[in-house]
Amino acid sequence: LGVGFQRQMTGRENVLISGMLLGFSEKEIRAQMDDIIEFAGLGKFIDMPVRTYSSGMHSKLAFAITVVLKPEILLIDEVLSVGDANFKKKSFAKIKELIADKNRTVLIVSHSMDSLRQLCNKILWLHEGNMMKIGPTDEVLAEYEAFMA
């Protein structure tokens, strides 16, 4: 997600720093702070040092920062598998919203055929660092599945 945390700082402080690293101003980040905190669902932990966070809490906060601030280009790497059922559902809906925005580019790296079918209109299949095929989702995934069989 391009977000790195300072372990001694609180989650809230890390939201500010991470947002600035993504190119947003302090004012822009503060305007979205409540939405980021709500989306991450960390409750009182947002004001605790991130060194006390589980890996899932780190991922939820990083994902929330990125999708709420809505950068022009978003790279998502297997993040849809993070968190509880409610967070997964909320994340999936947010990604669909971002994909629908024609002013954004969303790249998803995943091995989840279901997620790719539901979210993507075009697939790039890589195998051992080589481009195997690029094209419509159903076509590329059918060839990928045949290849893997």
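The structure is a predicted model, in which local features need pLDDT of at least 70 and side-chain atom pairs count only at pLDDT 80 or more, while totals for chains, interfaces and linings use all residues. Residues are numbered from 1 along each chain as its sequence is written, and side-chain values use heavy atoms, with hydrogens and water left out.

A search of the whole structure finds 8 salt bridges, a salt bridge being a side-chain nitrogen of Lys or Arg within 4 Å of a carboxyl oxygen of Asp or Glu. One of them joins the side chains of Arg-12 and Asp-47, with an N to O distance of 2.7 Å. This pair links distant parts of the chain, since Arg-12 belongs to helix H1 (residues 11-21) and Asp-47 to the loop between helix H2 (26-40) and H3, 35 residues apart; helices (H or I, at least four residues) and strands (E, at least two) are DSSP runs numbered from the N terminus. Arg-12 has a relative accessible area of 30% and is therefore partly exposed, as is Asp-47 at 44%, where buried means under 20% relative accessible area, exposed over 50%, and partly exposed in between (1.4 Å probe, protein chains only).

Within helix H2, the side chains of Arg-30 and Glu-26 meet in a salt bridge at 2.8 Å, N to O, and because these residues are 4 positions apart in the helix, about one helical turn separates them. Arg-30 counts as partly exposed at 49% relative accessibility, and Glu-26 is partly exposed at 39%. Glu-145 forms a salt bridge with Arg-117, the closest N and O atoms being 2.9 Å apart; this pair again connects distant parts of the chain, with Glu-145 in helix H6 and Arg-117 in helix H5, 28 residues apart. At 35% relative accessibility, Glu-145 is partly exposed, and Arg-117 is likewise partly exposed at 35%.

The largest pocket has a volume of about 900 Å³. On a 1 Å grid over the protein atoms alone, a pocket is an open set of points where a 1.4 Å probe fits, with protein on both sides within 12 Å along at least five of seven lines, and lining residues have an atom within 4 Å of a point; the volume is the space filled by probe spheres set on the points, which are joined across faces, edges and corners. The lining comprises 28 residues, of which Ile-108, Cys-120, Lys-122, Ile-123 and Leu-124 lie nearest the centre of the pocket. At least two lining residues come from each of helix H4 (85-100), E2, helix H5 (113-119), strand E3 (122-127) and helix H6 (137-148), and E3 gives the most, with 6 residues.

Ile-73, Leu-75, Leu-107 and Val-109 make a nonpolar surface patch of about 370 Å². Strand E1 (73-77) and strand E2 (105-109) each supply at least two residues of this patch. Ile-73, located in strand E1, counts as exposed at 59% relative accessibility. By contrast, Thr-66, in helix H3 (residues 55-69), counts as buried at 2% relative accessibility. A polar atom of the Thr-66 side chain lies 3.0 Å from the backbone oxygen of Ala-62.

Definitions and conventions: Patches are made of residues with over 30% relative accessible area and no salt bridge: like charges are joined within 9 Å, nonpolar side chains (Val, Leu, Ile, Met, Phe, Trp, Tyr) within 5 Å. Accessible areas come from the Shrake-Rupley method with a 1.4 Å probe; for residues, only the protein chains shown count as cover. A polar contact is a pair of N or O atoms within 3.5 Å; within protein, one must be able to donate a hydrogen and the other to accept it, and residues adjacent in sequence count only if both atoms are side-chain atoms.
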